[in-house]
Amino acid sequence: MNIYQEELLDHYENPSNYGTLPNPDISHEEDNPLCGDRIRIDLMVDENDTITEVRFSGHGCTISQAAASMLTEEIEGKTLAEAKQLSKDDILDMIGIPLGPVRLKCALLALKVLKAGAYGITSWPGEEDD
């Protein structure tokens with residue numbers, strides 16, 4: 001098993017920042033309808049728009065949960081503007097293993113949730129409201 005696979009499993013089995021915040025400044029939740037993965041991200045943000053606390057919760061495959069754990073480690077202490085700049089390539093670099101199209105959606109779910117929350121988006125263009 002390569003080091004990236006070991007790190008993915010460790011984040012899945014021992015996720016960083018797992019849970020919810022009681023009164024988050026920003027909270028957003030999404031699911032991947034193709035596989036049922038679901039992620040919620042809660043953020044506390046200070047007066048300088050710095051992310052002071054972050055938690056994620058949800059359920060799903062190893063990749064979606066590990067990516068969410070890695071992402072929360074990456075954004076804590078950053079400003080919302082910096083968090084908004086994170087890209088698909090940043091997530092893929094964190095994960096470190098090649099992914100097919102289906103697994104790519106799993107890996108990017110946490111980023112989608114983060115950006116939707118940070119930008120205040122309640123639904124994505126072209127998607128029906130729940």
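Predicted model: local features only at pLDDT ≥ 70, side-chain atom pairs only at ≥ 80, totals over all residues.
Local features need pLDDT of at least 70, side-chain atom pairs count only at pLDDT 80 or more, and totals for chains, interfaces and linings use all residues. Numbering starts from 1 along each chain as its sequence is written, and side-chain values use heavy atoms, leaving out hydrogens and water.

Start with the sheet. Three strands form an open sheet in the order β1-β2-β3, with antiparallel pairing. β1 and β3 stand at the edges with a single partner strand each, so one side of each has no neighbour in the sheet. On average, neighbouring strands are turned by 15 degrees against each other, direction ignored. Strands (E, at least two residues) and helices (H or I, at least four) are DSSP runs, numbered from the N terminus. Two strands pair if DSSP finds at least two bridges between them. Strands of a sheet pair through backbone hydrogen bonds, either parallel or antiparallel.

Take the pairs in turn. β1 (residues 26-31) and β2 (residues 38-45) are antiparallel over six bridges. E29 has R40 in β2 as its bridge partner. The two strands form a hairpin with six residues between them. In its turn, G36 has a positive phi of about 90 degrees.

α2 touches β2 and β3, and its direction makes about 175 degrees with that of β3. α5 touches β1 and β2, and its direction makes about 140 degrees with that of β1. Such angles run from 0 to 180 degrees between N-to-C directions; axes are lines fitted to C-alpha atoms, for helices over the stretch in contact.

The helices also meet each other. The axes of α2 (residues 62-75) and α5 (residues 101-119) come within 8 Å and cross at roughly 35 degrees. From α2, I63, S64, A67, A68, L71 and I75 take part. They meet R103, C106, A107, A110, L111 and L114 in α5. Contact means heavy atoms within 4.5 Å. The contact residues divide into 10 nonpolar, one polar and one charged. Ala, Val, Leu, Ile, Met, Phe, Trp, Tyr, Cys and Pro count as nonpolar, Asp, Glu, Lys and Arg as charged, and the others, Gly among them, as polar.

Now the cysteines. The whole structure holds zero disulfides, a disulfide being a pair of cysteine sulfur atoms within 2.5 Å. For C61, the nearest cysteine sulfur is that of C106, 3.7 Å away. C61 counts as buried at 17% relative accessibility, and C106 does so at 1%. Buried means under 20% relative accessible area, exposed over 50%, and partly exposed in between (1.4 Å probe, protein chains only).

Finish in two loops. T50 lies between β2 and β3 (51-59). T50 is buried, at 17%. Beyond neighbours within four places in sequence, T50 contacts M44, V45, G77, K78 and T79. Y18 sits between α1 (3-13) and β1. Y18 is partly exposed, at 43%. The C-alpha atoms of Y18 and F56 are separated by 5.1 Å, though 38 residues apart along the chain. With neighbours within four places again left aside, Y18 contacts R55, F56, S57, G58 and Q65.
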